[in-house]
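Dear colleague,

Please find below the structure that I am handing over to you.

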Amino acid sequence: MLTDPISDYLTRIRNGIMANHRVVEIPASNLKKEITKILFQKGYILNYKFEDDSKQGIIKIALKYHPVTKLSAITKIDRASKPGLRLYVGNDELPRVLNGLGIAVMSTSSGVMTDKEASKLNIGGEVICYVH
């Protein structure tokens, strides 16, 4: 049993990048699917696919690398809010990742979104992770 499935999700992506894997398979959940969609929209991953098996399903993520230098699009991906210490921010204290070059994925009352989208909607919430 996993105590923190989101940390497991981020660790599988991080390990896949360190091992130069093209595709990473991760057990699915609705929150993980939403985070995957955000990573795809912002250009951090190449593609994704939700597969349904007899249990909970699998997310297949195609990692994105530079064609010449072979460097990953994701240089760092860190968990912000942990089960033992949740990190909630208001609309006036939204985080800026790498001075605006990275993103913070947040869970808000209006769904999962980036820090920039939450700033436009003027809402706060729980900071899930930082990506840059």
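A polar contact here is a pair of N or O atoms within 3.5 Å; within protein, one must be able to donate a hydrogen and the other to accept it, and residues adjacent in sequence count only if both atoms are side-chain atoms. Please note that this is a predicted model, in which local features need pLDDT of at least 70 and side-chain atom pairs count only at pLDDT 80 or more, while totals for chains, interfaces and linings use all residues. Residues are numbered from 1 along each chain as its sequence is written, and side-chain values use heavy atoms, with hydrogens and water left out.

I begin with Thr108. The side chain of Thr108 makes two such contacts with backbone atoms: the nitrogen of Ser110 is reached at 3.2 Å, and the oxygen of Gly111 at 2.7 Å. Thr108 belongs to strand β6, residues 103-108; helices (H or I, at least four residues) and strands (E, at least two) are DSSP runs, numbered from the N terminus. With a relative accessible area of 12%, Thr108 is buried (under 20%, whereas exposed means over 50% and partly exposed in between, with a 1.4 Å probe and protein chains only). Neighbours within four places in sequence aside, Thr108 is in contact (heavy atoms within 4.5 Å) with Met113, Ala118, Ile123, Gly124 and Gly125.

I turn next to a sheet. Three strands form an open sheet in the order β1-β3-β2, with antiparallel pairing; two strands pair if DSSP finds at least two bridges between them. Because β1 and β2 stand at the edges, each with a single partner strand, one side of each has no neighbour in the sheet. From one strand to the next, the twist averages 20° (axes are lines fitted to C-alpha atoms, for helices over the stretch in contact, and angles run from 0 to 180 degrees between N-to-C directions).

Strand β1 (residues 23-27) is joined to β3 (residues 58-63) by five bridges, and Pro27 stands opposite Ile58 in β3. Six bridges link β2 (residues 45-51) to β3. Tyr48 stands opposite Ile61, and Phe50 stands opposite Ile59. The hairpin of β2 and β3 has six residues between the strands, and Gly57 takes a positive phi near 100° there.

Two helices accompany these strands. Helix α1 (residues 5-18) lies across β1 and β3 and runs at about 165° to β1. Helix α2 (residues 30-41) packs on the sheet, where α2 touches β1, β2 and β3, and its direction makes about 155° with that of β2.

Yours sincerely
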